[in-house]
Amino acid sequence: MRFFGSGRLRSFLLLFTDIIALFISILAVFYIYKQFGARYEMTIVLRTWPIFLLLVLFNTSGRLYCGNLFYPGLVIHPVEELRRLTLGIGGSFIIFTAILTMTRNYLDFSRIALGLSMLVSLLAIPLGRIFLRYLLWKTGLAYIPAVITGDSDLARRVINRMRKDNYCILSVKASCCDRKISQDIPNLSGEELVDFSRQNGISYLIYCTENTSYHDTIDALFKKYLHVLVVNNITGFPVLWSYPVSFCRFFAFEISNRFMRKSVLFQKRIVEIFFSAIALCLTLLPGVILALLVKLSSRGPVFYRAHRLGKNGKPIEVLKFRTMCENADRELERILEENPELREEWAAGFKLENDPRITRIGKFLRSTSLDELPQFWNVLKGDMALIGPRPIVEDEVKYYGRDYAVFSSVKPGITGLWQVSGRSALSYSERVALDVFYINNWSIWMDYYIFFATINAVFLRRGAC
């Protein structure tokens, strides 16, 4: 039974999910392509087995199965996982194609079908992993047991985030803090925690500290636990751009600022223009239908032009389908004046959980994020990005404090890290922290990860408002 309550099960389930998603992708593409007149027997799919073997080898060497199949540990960041997974998928197909070119079997395969299979796999395999992690999170299966110690306030925040994050592989079973951090987690003394860990086969310790000088503590903990995860209070550090190095035998790290690379920003802009143009073409007919529904459901214009702050604080108009009643701003003033409780709720997060101004069709548009479809026009104009921090109003600047300089250095986006991390379920300070983390750790791969996370968030309607 311990196998089902450990990270080993998760490792093998991830491997199994990768193989199933790859097989479905290849089978579906070859079948559909055959219906368009391609000449081959469907049994040829079985001859693609080297791709499966190559993918498992790539993913294993890239530590994509929780580090190690048999001795799993803390996984890499989702963005880095997506990068390695993409390279592994592409490399597997490329090597298989190269093998075919050196044999007589090359003529038996359709190059178009193989290419399309690779493209579909690049979507199917990451989505399969997202779905698997969601199922494991809902069922509470396949977690690595761990214990936690250190600063109680930080430990409590760490546990709260762990429980909300279906990517997390650790499950805290006991703590050792100056006070109890959770009702369902026993708080033990130092010796009791070590005994508890030995009795339950726990080799993972999470050490929470707000101090920077903890060398002696780490040395002591290493003698009792196989893995020690040190968690600091810093949240906005550019961790994905930093690389640990030994500099003259001192511990150091180097930070690379990708936002200063004009070539990378140019690539981001080209991708945004390309996908926004495609999105506007694909959503033209659905957009017309939604526009009619908005018009027929209540009085007022079809579109709402929201006044927001763009890059460097420049005022912009963000285009949305109208989801509220006519004269919503004046109605808000009346509601807040008559309801002190709602006024406090609005002041805390600039939103109302049950906003009476939202129309019936507006609730549907917001829950499905369809109200934001017109924003692709803002992207084409250059006012917004496809992915970026959320656009804010002037009154929200004060809540960002010194972080506003970082926040305003990029264009706001249609979707972003905070939108796929809980959205309206997050506090305002958490939303600010996520926006700053995105900017400080931005890369093309980060945008790629948020793209997949957006699909997951829209499909599950998590945190929609």
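A: Arg269 is partly exposed, with a relative accessible area of 21%, where partly exposed lies between buried (under 20% relative accessible area) and exposed (over 50%), using a 1.4 Å probe and protein chains only. The model is a predicted one, in which local features need pLDDT of at least 70 and side-chain atom pairs count only at pLDDT 80 or more, while totals for chains, interfaces and linings use all residues. Residues are numbered from 1 along each chain as its sequence is written, and side-chain values use heavy atoms, leaving out hydrogens and water.

Arg269 forms a salt bridge (a side-chain nitrogen of Lys or Arg within 4 Å of a carboxyl oxygen of Asp or Glu) with Glu272, and their closest N and O atoms are 3.7 Å apart. Glu272 is buried, at 4% relative accessible area. The two residues, Arg269 and Glu272, are three residues apart in helix α8 (residues 262-282), which separates them by about one helical turn; helices (H or I, at least four residues) and strands (E, at least two) are DSSP runs numbered from the N terminus.

Another pair, Arg84 and Glu80, has its closest N and O atoms 2.7 Å apart, and these residues are four apart in helix α3 (residues 78-101), again about one helical turn. The side chains of Asp153 and Arg179 also meet in a salt bridge, at 2.4 Å from N to O. Asp153 lies in helix α5 (residues 152-164) and Arg179 in the loop between β2 (170-176) and α6 (190-199), so this pair ties together parts that are 26 residues apart in sequence. Asp153 is partly exposed at 34%, and Arg179 is partly exposed at 37%.
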